[in-house]
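Here is a short note on the charged side-chain pairs, for comparison with your own reading. Please keep the structure open while going through the points.

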Amino acid sequence: MGKYFGTDGFRGEANVNLTVEHAYQVGRFLGWYYGKRCQITPQNPEGRCRIVIGKDTRRSSYMFEYSLVAGLTASGSDAYLLHVTTTPSVSYVVRTEEFDCGIMISASHNPYYDNGIKIINGKGEKLEEDVILEIEKYLDGETGEIPFALRDKVGRTVDYAAGRNRYIGYLISIATRSFKNKKVALDCANGSASSIAKNVFDALGAETYVINNTPNGLNINTNCGSTHIEVLQQFVKDHGCDVGFAYDGDADRCIAVNEKGEVVDGDKILYICGKYMRENGALVNNTVVTTIMSNFGLYKAFDREGISYEKTAVGDKYVYENMAKYGNCLGGEQSGHIIFSKHATTGDGILTSLKVMEVMLEKKETLGKLASEVEIFPQVLKNVRVHDKQLAQDDSKVQEMVKKVTEELGDSGRILLRQSGTEPLVRVMVEAASEEQCEKYVDQVIQVMKSQGHVL
């Protein structure tokens, strides 16, 4: 991770540690960097740099959009605006319409007062680390001045809502069956999915119930969406829905709820889709890519079914890197970032919903029955806000306690400490035979962090 960019972009509180000046400078750099590499193509006969921008529903997203546009056009790039849309839609438009890169303005599942700048390369993938380092050098004034575009070289702004509409059409085309007679609940988190998800499910014939789809700039992720799944759980039970899907702010993740109102997280979705794809000869390398945060129960279920798996660092960026390197076609995270590489290069919450629906319809089973084959180990994860993530995690006393917990758990569980890629947090996670054990061991580690003065 860099100084400004974490595992999923440059993220921080708007106008505190992510400012309009940062956004302007990022725009200046990207317009100049990709402008130098532009070539004349049938879609770009003038050989001008073309960068597409999407945003979520946060109030500050408009402010950052205008700042990025000013920087891009000042460096000679044309800025194409998708307006409110999802992160995976930006990725889709970039890779299918020959844009030089894409920018998504979003802090994903974070509170409304945070925001972020996610950059996607011309292949629709998360930006390469070497380019991120160059951006950071420019932000710190370590590189020379970037020339301004002059006269007819100044960039322009183009309304490109049509790109989002094409993405909606693409999602609809992926479905294998009609959703007629299926009652589906969608929690749009008052975020990006609000402009897309209902259109897709309505077009496929579902009886669609939508909640939390009235964004006002301040209510994104507030007691709703994939990080507050209890809202959708209750709604599904109250309205007798067949299934529910909850998205996060930029809709690159999805958590499902079965017909009984029980949560089906990313691990169970990976199992359901992985097993189905294996049965249909579509699971390349007979392998599913997971992260180190996936549950023991998932691996036991995969072992039982004879499905192989890989483990990566946390972040769908690292999952996709593994998939691209080895040709694996399914991967994701417990948090709901699921990648189907045949259709996408990033996690896509709405696409994940369609794939879960496909398994339910083709196998003629409820989501509850499909998910019941995975027995999840009790897991407790607590986020500890600290002064310095690295110092807190590497503290010798903390590591001594981690070692002690590891020895006591033996083969019946595990402990994991991980720094957040986007916030000043150390995540402490324990899996064990009982939730009481998990709580005990997590609290022991947190207590040492407190005694060592790391906790805010």
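This is a predicted model: local features need pLDDT of at least 70, side-chain atom pairs count only at pLDDT 80 or more; totals for chains, interfaces and linings use all residues.

1. K3 pairs with D140, with 3.2 Å between the closest N and O atoms. K3 sits in the segment before β1 (5-6) and D140 in the loop between α4 (129-139) and β7 (157-159), so the bridge ties together parts that are 137 residues apart in sequence. K3 is exposed, at a relative accessible area of 59%, while D140 is partly exposed at 30%.

2. R156 and D78 form a salt bridge whose closest N and O atoms are 3.2 Å apart. This pair links distant parts of the chain, 78 residues apart: R156 belongs to the loop between α4 and β7, and D78 to strand β4 (residues 78-84). R156 has 45% relative accessibility and is partly exposed. D78 has 2% and counts as buried, because the cut-off for buried is under 20%.

3. D202 bridges to K198, the closest N and O atoms being 2.5 Å apart. Both residues lie in helix α6 (residues 197-203), four residues apart, or about one turn of the helix. D202 is partly exposed, with a relative accessible area of 32%, and K198 is likewise partly exposed, at 34%.

4. Which residues are linked in a network of salt bridges? The members are D8, R11, K118, K126, D250, D252 and D316.

Conventions:
Residues are numbered from 1 along each chain as its sequence is written. Side-chain values use heavy atoms; hydrogens and water are left out. A salt bridge is a side-chain nitrogen of Lys or Arg within 4 Å of a carboxyl oxygen of Asp or Glu. Helices (H or I, at least four residues) and strands (E, at least two) are DSSP runs, numbered from the N terminus. Buried means under 20% relative accessible area, exposed over 50%, partly exposed in between (1.4 Å probe, protein chains only).
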